[in-house]
Amino acid sequence: MTQRITDHYQLDGEVPFVDVLIDEDNLLFVDMLAIRLSSGPEPYRATAIAAADSFLAEITGCVLDGSRAATARGRDLLAGFREPWETRFGMSEIGFFGRGGASSIGVSIWEAISTDLQALVEVGMLRRLEHLPVFVEGLGADICSDVTTRVIYAALAEFTREMMVAYPELQREVVEVRAKMWDSSRGEWAYRSVTLPAPEGRALLLVPKQWGRRNPLVTAPRFHNVTALGFVQEAESRYSPTTKQLIKTPKHELARRSDLRPVHESNIRLTLHALQGQADLLDVFDAYVSAWLRDQERVA
């Protein structure tokens, strides 16, 4: 019978980490925007944000450099995103152990950033890791979660270590793992040995409660429907000559227009167009999501 962490270790009451099933994936995803908007826990939240921002800054810096050496470095930094299965997050049909995850997605990310997204990089629009799915086709929730987890692995490992002190039961079964993680201070990948709980002999990396979501906050369709089409709606609004009322084209009609498709291409084009009028659609979108999330938390 599949058990959750609290069942396996017989922990009573609420715990500050996601109480996942230990023998299978849990259809949950590590969400970088949720981390950024969360209230903690500190210092792990700050460490995770620093890692994500440092990593993307290093990649975009390679794009801006443009030299052969920088291109090789950018490709190398994005290579080999093997899935960090220790969290039990993601989507596998059977179990969780040994899946490939985002092993080749780095190549696709580099190709997109250095070609289709180069204009966004040059104007400084691509600053946050969680915005990549808005513009890069094929970056679904599972892959984004894998990439994010690998980049912020150090923060998750430190959080897990604190939880092992707070809940000594987690030390009943442990294993040492040599894990790949981003080193923000050096701007490089590093391999470090970490001691993790090992229910039934398999390493477990704990995730703070607010950091895991079933539905990611940032998706290309959500940005397109809420923010990009909202920008077009406002830009094309007009006053009726007879009633003097402001007329806006409904978003569902805009969504059918061929010049506003495909979604990813449209997101890139409209984001750049809005910037000409000093409007940062990514900031607008993040503000919308932040307000939406606060409303959801109040209802809950």
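Mentor: Start with contact, meaning heavy atoms within 4.5 Å. Neighbours within four places in sequence aside, D280 is in contact with M125 and R127. This is a predicted model, in which local features need pLDDT of at least 70 and side-chain atom pairs pLDDT 80 or more, while totals for chains, interfaces and linings use all residues. Residues are numbered from 1 along each chain, and side-chain values use heavy atoms, without hydrogens or water.

Trainee: Where is the place of D280?

Mentor: D280 sits in the loop between α12 (263-276) and α13 (281-299). Helices here are DSSP runs of H or I, at least four residues, and strands are runs of E, at least two, numbered from the N terminus.

Trainee: Does D280 count as buried or exposed?

Mentor: Buried means under 20% relative accessible area, exposed over 50%, partly exposed in between (1.4 Å probe, protein chains only). D280 counts as buried because its relative accessibility is 15%.

Trainee: Which side chain does a polar contact join to D280?

Mentor: A polar contact is a pair of N or O atoms within 3.5 Å; within protein, one must be able to donate a hydrogen and the other to accept it, and residues adjacent in sequence count only if both atoms are side-chain atoms. The side chain of R127 is joined to that of D280 at 3.3 Å. A polar atom of the D280 side chain also lies 3.0 Å from the backbone nitrogen of L282.
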